[in-house]
Amino acid sequence: MGKEVQIFEKNLSEFFGRDVACVNTGTSALQLSLQATGIGNDDEVLVQSLTYVASFQAISATGAKPIACDIEVTNCSIDLEDAKKRITSKTKAIMPVHYSGQPGELDKIYKFAQNYNLRVIEDAAHAFGSTFKNQKIGSFGDIVCFSFDGIKNITSGEGGCIVSSDKKVMNRVNDLRLLGVERDTEKRYSGGRSWDFDVQEQGWRYHMSNIMAAIGIEQLKRFPEISQKRKSLAKLYDSRLMIYPHIQIFKKDYDSIVPHIYPILIPEVFNRELVRRQLLENGIQTGIHYQPNHWLTFYKDSNTAFLPNTEKIYKGLLTLPLHCDLEEEDIHYVVDTLCSIVRNLE
Ligand SMILES: *Cc1c(COP(=O)(O)O)cnc(C)c1O
């Protein structure tokens with residue numbers, strides 16, 4: 001970690017309009033954000049069950065307990081009514097996940113956090129470039145974490161970052177990512193290293209390398225092109241799929257968000273696994289975002305044995321291909337194939 005990371009952080013700071021710290025993955029961005037706010041053993045963090053297991057692992061890595069919450073069926077964001085019922089004296093934070101690139105009602109989430117005195121750590125791994133009420137995700141809010149993993153909206157091969165206006169949190173994150181070595185960031189950015197230093201707490205080897213940052217710098221330059229491509233492919237899916245009665249799409253405004261994935265809902269009568277298998281036979285890979293975390297052995301809990309919206313949505317979820325190497329004709333092929341499969345199953 002040296003000059004390239006410093007440049008990538010500076011470019012990202014200009015993009016978001018505030019301080020940025022780069023780390024080696026999105027998962028470590030979430031973990032360090034939690035630790036830097038003082039969250040740890042015995043604390044509880046509210047998070048939606050429908051997210052990648054990384055959100056849960058980041059919370060449990062600090063010693064805190066992820067409290068699985070239900071989602072809103074319209075946009076798969078955390079259901080605040082459900083979250084409210086799960087608040088205890090141990091609850092310290094809420095982690096909203098901007099599923100597929102679309103944030104939920106963040107103004108309500110921040111109001112909720114204020115009412116219950118919670119920190120907000122946004123898992124914005126899907127939402128690089130998205131906006132909420134004309135403001136870029138990451139440009140406002142308590143602490144916002146992104147991932148630059150190979151499949152995300154921009155990539156640095158592997159990587160992630162933390163964005164916040166809280167100087168105390170940012171200073172602590174800067175030390176924590178370098179094994180807790182105090183003020184090593186400044187020394188590395190001026191070409192040096194710390195040989196004589198102190199460490200105050202458990203840190204991690206989570207810094208970003210120059211090689212990763214060099215990739216990230218170039219990706220960020222290409223972001224206008226990348227985001228246009230993702231938006232236009234998703235709009236094309238919408239316009240084609242809207243007219244099929246059996247397939248439910250999630251309505252989104254692609255002028256204000258950058259889609260990371262393109263999930264649809266297949267009605268239960270059609271047997272999603274059969275549809276997936278037939279798509280694969282036609283050369284189309286699909287995904288399922290995500291298996292609910294409250295079903296996993298490590299996170300099972302009698303309090304969250306049943307989350308109705310999550311389980312209902314999960315049964316129908318199917319993610320269609322969405323990435324920058326796809327062309328319009330590929331989208332037509334996916335839609336035509338999917339619709340003929342569903343029609344034959346009718
Ligand atoms: C990708 C992802 C992460 C973690 O990012 P990594 O860079 O892979 O560690 C966290 N949360 C969600 C929702 C993700 O999709």
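Ile249 stands opposite Ile264 in strand E11. Strands here are DSSP runs of E with at least two residues, and helices are runs of H or I with at least four, numbered from the N terminus. This is a predicted model, in which local features need pLDDT of at least 70 and side-chain atom pairs count only at pLDDT 80 or more, while totals for chains, interfaces and linings use all residues. Residues are numbered from 1 along each chain as its sequence is written, and side-chain values use heavy atoms, without hydrogens and water.

Two bridges join E10 to E11, residues 262-265, and the two run antiparallel; strands count as paired if DSSP finds at least two bridges between them. The sheet is open, with three strands in the order E10-E11-E12. Strand E10 (248-249) and strand E12 (317-320) are at the edges with a single partner strand each, so one side of each has no neighbour in the sheet.

Let us turn to helix H6. In H6, residues 167-176, the buried residues are Val169, Met170, Val173, Asn174, Asp175 and Leu176; buried means under 20% relative accessible area, with a 1.4 Å probe and protein chains only. At the start of H6, a side-chain oxygen of Asp166 comes to within 3.0 Å of the backbone nitrogen of Lys168.

Finally, the ligand. Which residues are the closest to the ligand? Of the 16 residues that surround it, the closest are Gly26, Thr27, Asp123, Ser147 and Lys152; a residue counts if one of its heavy atoms lies within 4 Å. A polar side-chain atom of Thr27 is 2.5 Å from a ligand oxygen atom. For Ser147, an N or O atom of the side chain is 2.7 Å from an oxygen atom of the ligand.

Methods: Buried means under 20% relative accessible area, exposed over 50%, partly exposed in between (1.4 Å probe, protein chains only). A polar contact is a pair of N or O atoms within 3.5 Å; within protein, one must be able to donate a hydrogen and the other to accept it, and residues adjacent in sequence count only if both atoms are side-chain atoms.
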